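User: Could you walk me through this one? I'd like the main features in plain words.

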Amino acid sequence: MGKKIGKVAISCAITGAIHTPTMSDALPYKPEDIAQQAIDAAEAGAAVLHLHARHPEDGSVSLDPDHFMGFLPSIRANTDAVLNISTGGSLLTTIEDRIKPSDVVSPEMSSLNMGSMNFSFHGLAKRYDKFKFDWEKEYIEESDAYIFRNTFRDIAQVEKSLGQKHGVKFEHECYDVGHLYNLKFCMDTGLFKAPVFIQFIFGILGGIGADLDNLMFMKRTADRLFGDNYQWSVMAAGGAQIPFATQAIMMGGNVRVGLEDSLFIERGKLATSNAQQVLKIRRIIEELGYEVATPDDVREMLSLKGSDKVAI
Ligand code: KMH
Ligand code: ZN
C-alpha cells in the first residue's frame, strides 16, 4: 500500500427530516431499519452517524426521545461509531423540544445550526402524483413558509443544555457565509472552544447554492476567521453530494453523505441504502490516496468525551 496523504472522516446522515417515504423506498423510518442502515454505514466506513428519529408507523419526523431509543441501543451495541444526534430535527417546534433527544442520550456529538433562515423543499412536491402517507404532501408544500429558527439565544441554549451539561461536541452546521461569522462571534464571546467542527452546507433552498466557487469562498472565509482552530467537512444536497464531497477531500477536508442529504447514488438513480453512498465516497477517498478515518481518529481530532460517557 502506498503512503497515504491524510485521513478523511466520513459522516453519514441516515434519514433526516426533509425526505419523505414516497421519495425513496430506501429511506429508513422504522427503528429496525434506521438501526440496520446505520450499522451498515458504519461498517462501510462512516466514523460518525448523524441521526434523526421518525414515527415508526408513517415516517413523519419525530423528536420523541423514545423513538431515538428505538434504534440507538442496537447501533451502540453493534458499532463503535461516534453518535451525533440532531438538534435541527423539526422546523415546526421549539429549540427546547429539539434539544430533548440529546439531553436524554448525552451523545458525543450533536448538530448545532448556526443561523435562522428560510429552509424550503416545496419544489419537490410536484415530482410526485401520489403519496404513501397523508402527512407528506402538506409537509413538503408548506415548507415555502418554514423558517428554521436558530437565534443567538437558541444557540446559547443548546450550548448550555448540551455542551456545558453533557460535554457534547457540536457539528456546527453553516448554510451560508454569515453563519461562519455567527460562529466566530460565539467563539469570541467564549461560547465555544477550539477546535470547532464546521459542516459547510450547500444547496439547501434558503442557504448558499451548490456552486464550487462557494465552497472555495466558505473555506477561505473560515481560514481567515478561525485559522487553525477548526476542522471542517462538506455536505451538499441532492446531486451535488458526491461531487462536493470529492472536492472537499482534495482540499483536505472531511465529508458527509447519507440519505438525509441526497437520495441518489448517481444522476437520476436512487441509492439503495446509506451504506452504498458511504462505499462510493470511500472508494473515491482511497483512489485519491487518502485514508478513511476511524471513529477513534475522529475522537482524537475533535477531543470528544468518549463513547463510555454516552447514556445508552
Ligand atoms: N438536512 C440538513 C440540511 C440538523 O440535523 O441539525 C440539515 C441538518 C440539520 O442536518
Ligand atoms: Zn440532520
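Analyst: Strands (E, at least two residues) and helices (H or I, at least four residues) are DSSP runs, numbered from the N terminus. This is a predicted model, where local features need pLDDT of at least 70 and side-chain atom pairs count only at pLDDT 80 or more, while totals for chains, interfaces and linings use all residues. Residues are numbered from 1 along each chain as its sequence is written, chains are lettered from A and ligands numbered from 1 in the order in which they are written, and side-chain values use heavy atoms, with hydrogens and water left out.

User: OK, which strands pair with E7, then?

Analyst: Strand E6 (residues 82–85) runs parallel to E7 and is joined to it by 2 bridges, with Asn 84 standing opposite Met 109 in E7. E7 also pairs in the parallel sense with strand E10 (residues 169–174), over 5 bridges. There, Ser 110 stands opposite Phe 170 in E10.

User: How many residues of E7 are buried?

Analyst: 5 of the 5, so E7 is largely enclosed by the rest of the structure. Buried means under 20% relative accessible area, exposed means over 50%, and partly exposed is in between (1.4 Å probe, protein chains only).

User: And which residues sit on which side?

Analyst: Met 109, Ser 111 and Asn 113 are on one side of E7, and Ser 110 and Leu 112 are on the other. Both faces are covered. In a regular strand, side chains alternate between the two faces of the sheet.

User: Switching to the metal. What are the protein donors of the zinc ion?

Analyst: His 50 and His 52, each through NE2, plus Glu 260 through OE, lying 2.0 to 2.1 Å from the zinc ion, which is ligand 2. Donors here are N, O and S atoms within 2.8 Å of the metal (3.2 Å for Na, K and Ca), and water is not among the atoms, so sites may look incomplete.

User: How are those donor residues spaced in sequence?

Analyst: The pattern is H-x1-H-x207-E. His 50 is in strand E3 (residues 48–51) and Glu 260 is in the loop between strand E13 (254–257) and strand E14 (264–266), so to speak a link between distant parts of the chain, 210 residues apart.

User: Is Glu 260 buried or exposed?

Analyst: Glu 260 is buried, and His 50 is too.

User: What about ligand 1, which residues are closest?

Analyst: His 52, Ser 86, Ser 111, Asn 113 and Glu 260 are the closest of the 14 residues that surround ligand 1; a residue counts as near if one of its heavy atoms lies within 4 Å. Note that His 52 and Glu 260 are also zinc donors.

User: Which polar side-chain atoms lie by an oxygen atom of ligand 1?

Analyst: Among them is one from Ser 111, at 2.6 Å. His 52 has one 3.0 Å from an oxygen atom of the ligand, and Arg 256 has one at 3.0 Å as well. The protein covers 97% of the 300 Å² of accessible area that ligand 1 has on its own. Those areas come from the Shrake-Rupley method with a 1.4 Å probe; for residues, only the protein chains shown count as cover.

User: Charges next. How many salt bridges does the structure hold?

Analyst: 17. A salt bridge is a side-chain nitrogen of Lys or Arg within 4 Å of a carboxyl oxygen of Asp or Glu. One of them joins Lys 7 and Asp 297 at 3.2 Å, N to O. Lys 7 is in strand E1 (residues 7–8) and Asp 297 in helix H11 (residues 295–302), 290 residues apart.

User: What does Glu 108 form a salt bridge with?

Analyst: Arg 299, with the closest N and O atoms 2.9 Å apart. Glu 108 is in the loop between helix H4 (95–105) and strand E7 (109–113), while Arg 299 is in helix H11, 191 residues apart. Glu 108 is buried, at 1% relative accessible area, and Arg 299 counts as buried at 10%.

User: And Lys 137 with Glu 141, where do they lie?

Analyst: Both lie in helix H5 (residues 135–141), 4 residues apart, about one turn of the helix. Lys 137 is partly exposed at 39%, as is Glu 141 at 35%. Elsewhere, salt bridges that share partners join Glu 171, Glu 173, Arg 256, Glu 260 and Asp 261 into one network.

How values were computed:
Polar contact = N/O pair within 3.5 Å; in protein donor to acceptor, adjacent residues only side chain to side chain. Pairing = 2+ DSSP bridges.
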